[in-house]
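Open your viewer and get ready to click along. We will hop from one selection to the next and look at what is there.

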Amino acid sequence: MKLPCRPYWDKIVEYYVDHIHFDVMPKMTLQQWMKKTYNADITDRRWISFERESDMTMFLIHVQN
């Protein structure tokens, strides 16, 4: 399952910088965090690929808030 990255990119980066980058130890990249949290891979900042539909649904719920 794929989603275009563009509509969500600003929210992803904002959340990552505000809540993950400086607060989580050990440090993890945005890509590592997306993989760990949503089982998702970001390709070329164009697509977000999810392993399961439930992962994509959870991502969409979180990004809407």
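Helices here are DSSP runs of H or I with at least four residues, strands are E runs of at least two, and both are numbered from the N terminus. Before you click on, note that this is a predicted model, where local features need pLDDT of at least 70, side-chain atom pairs count only at pLDDT 80 or more, and totals for chains, interfaces and linings use all residues. Residues are numbered from 1 along each chain as its sequence is written, and side-chain values use heavy atoms, leaving out hydrogens and water.

Next, select Asp 55, Met 56, Phe 59 and Val 63, the buried residues of α3 (buried is under 20% relative accessible area, exposed over 50%, partly exposed in between, with a 1.4 Å probe and protein chains only). They sit on the same side of α3, because they cover an arc of only 95° around the axis, taken from the directions from the helix axis to the C-beta atoms. Turn to the other side of α3 to find Glu 53 and Gln 64, which are exposed.

Now zoom in on Asp 55, in α3 (residues 53-64). With 8% relative accessibility, Asp 55 counts as buried. Leaving aside neighbours within four places in sequence, Asp 55 is in contact with Tyr 38, Asn 39 and Phe 50 (contact means heavy atoms within 4.5 Å).

Finally, select α1 and α2. Among the residues that meet here are Trp 9 and Ile 12 in α1, and Leu 30 and Trp 33 in α2.
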